[in-house]
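Reader: I am new to this structure and would like a close, careful look at one part of it. Could you take me through the charged side chains that meet one another, and tell me how well covered they are?

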Amino acid sequence: RIFTLDAQTTVTAVSTSGAVIWQRDVLPDGAEEGDATGGGLAVDGDIVYVSTGFGALTALEASTGNTVWVQDLEATGSGRPTVFGDLVYIMAGDDTGWALDKSNGRLAWQITGSESPTNVLGAPAPVVVGGLTVFSFGSGEMQAVFSQGGLRRWDASVLGERKGRALSKYDDVTGRPIAVGNVIYAGNQSGRTVAVNAGSGGRIWTANEGAVDTVLPVGGSVFLISDRNELLRLDASDGTRIWGATLPGFVDNKPGRQAEVYAHHGPILAGGRLIVASSDGLIRSFDPVSGTLTEATDVPNGASTAPVVAGRTLYLVNRKGQLVAYR
């Protein structure tokens with residue numbers, strides 16, 4: 001099944017042939033559509049965990065869509081949850097980390113980080129590595145706690161911005177942290193990507209490139225979409241730039257009209273290609289060694305999510321709210 005969450009808090013389960021299996025509205029009682037936005041999905045066994053901007057985490061049966069439990073997060077829950085072991089981890093309000101019992105939604109423990117008045121909507125999914133759970137806060141802080149009990153182990157940050165040209169100055173961690181071995185890679189919106197030791201939080205390197213979406217470390221390299229709308233390949237050992245491929249930037253690139261920028265989602269690595277889905281109406285494939293554009297495929301109405309590949313099929317949601325599949 002493919003699970004989606006739309007802008008009106010409706011969760012839909014779709015078969016791999018494109019047939020709708022079930023739909024479930026997770027709008028809280030007393031709330032109205034349009035009062036909040038954002039959210040995320042995680043699937044574990046026969047349970048789908050759904051977070052929403054209305055501040056709730058809901059567990060649904062994957063086969064039927066029936067509600068198993070609902071937990072009030074007491075703040076916006078527009079980040080994606082992470083399921084590991086017996087717990088579900090999620091960020092709420094960009095400054096509170098929750099750990100919930102995945103069987104009933106009861107609170108296991110909770111941590112708080114520094115508050116920040118300037119955040120990007122949503123929060124990266126917590127990452128679990130080596131018995132630690134790492135939360136990323138809107139202030140640019142990363143906090144690692146022991147997965148069992150929530151006792152703090154270390155603090156690190158992705159603070160800083162590039163001098164000169166930048167599309168934004170938010171220190172929020174927007175490049176979802178990813179752990180490979182004993183290293184965690186993460187980036188912000190204003191010109192910083194870092195690698196830190198997963199056990200101690202010690203800084204390994206800092207690159208003057210921001211990451212607006214998932215950081216993809218693979219094969220001794222780190223691939224990311226930068227805050228200047230470039231697809232970049234960095235050396236995973238020291239963060240140096242290997243190559244950059246320019247992606248479309250401003251929607252209207254005339255003087256005085258440079259406001260809205262195209263959104264680029266990804267990258268992912270599949271079929272030996274780096275794949276980026278964009279709001280300008282194209283899926284672009286790049287050679288991961290050289291950065292050369294190898295293929296471009298039309299996306300009706302442009303992409304609004306990162307692509308997901310399963311069973312030799314690529315899935316994404318376009319800006320019109322349609323689930324699209326590509327062989």
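Author: Arg241 is partly exposed, with a relative accessible area of 42%, where buried means under 20% relative accessible area, exposed over 50%, and partly exposed in between, computed with a 1.4 Å probe on protein chains only. This is a predicted model, in which local features need pLDDT of at least 70 and side-chain atom pairs count only at pLDDT 80 or more, while totals for chains, interfaces and linings use all residues. Residues are numbered from 1 along each chain as its sequence is written, and side-chain values use heavy atoms, with hydrogens and water left out.

The side chain of Arg241 meets that of Glu230 in a salt bridge, at 2.8 Å from N to O, the term standing for a side-chain nitrogen of Lys or Arg within 4 Å of a carboxyl oxygen of Asp or Glu. This pair links distant parts of the chain, with Glu230 in strand β22 (residues 230-235) and Arg241 in strand β23 (residues 241-246), 11 residues apart. Strands (E, at least two residues), like helices (H or I, at least four), are DSSP runs numbered from the N terminus. Whereas Arg241 is partly exposed, Glu230 is buried, with a relative accessible area of 13%. The two residues also belong to a network of salt bridges that links Glu209, Arg228, Glu230 and Arg241.

The structure holds 7 salt bridges, and another of them joins the side chains of Lys102 and Asp44, again at 2.8 Å from N to O. Here too the pair links distant parts of the chain: Asp44 lies in strand β4 (residues 39-44), and Lys102 in the loop between β10 (96-101) and β11 (107-112), 58 residues apart.
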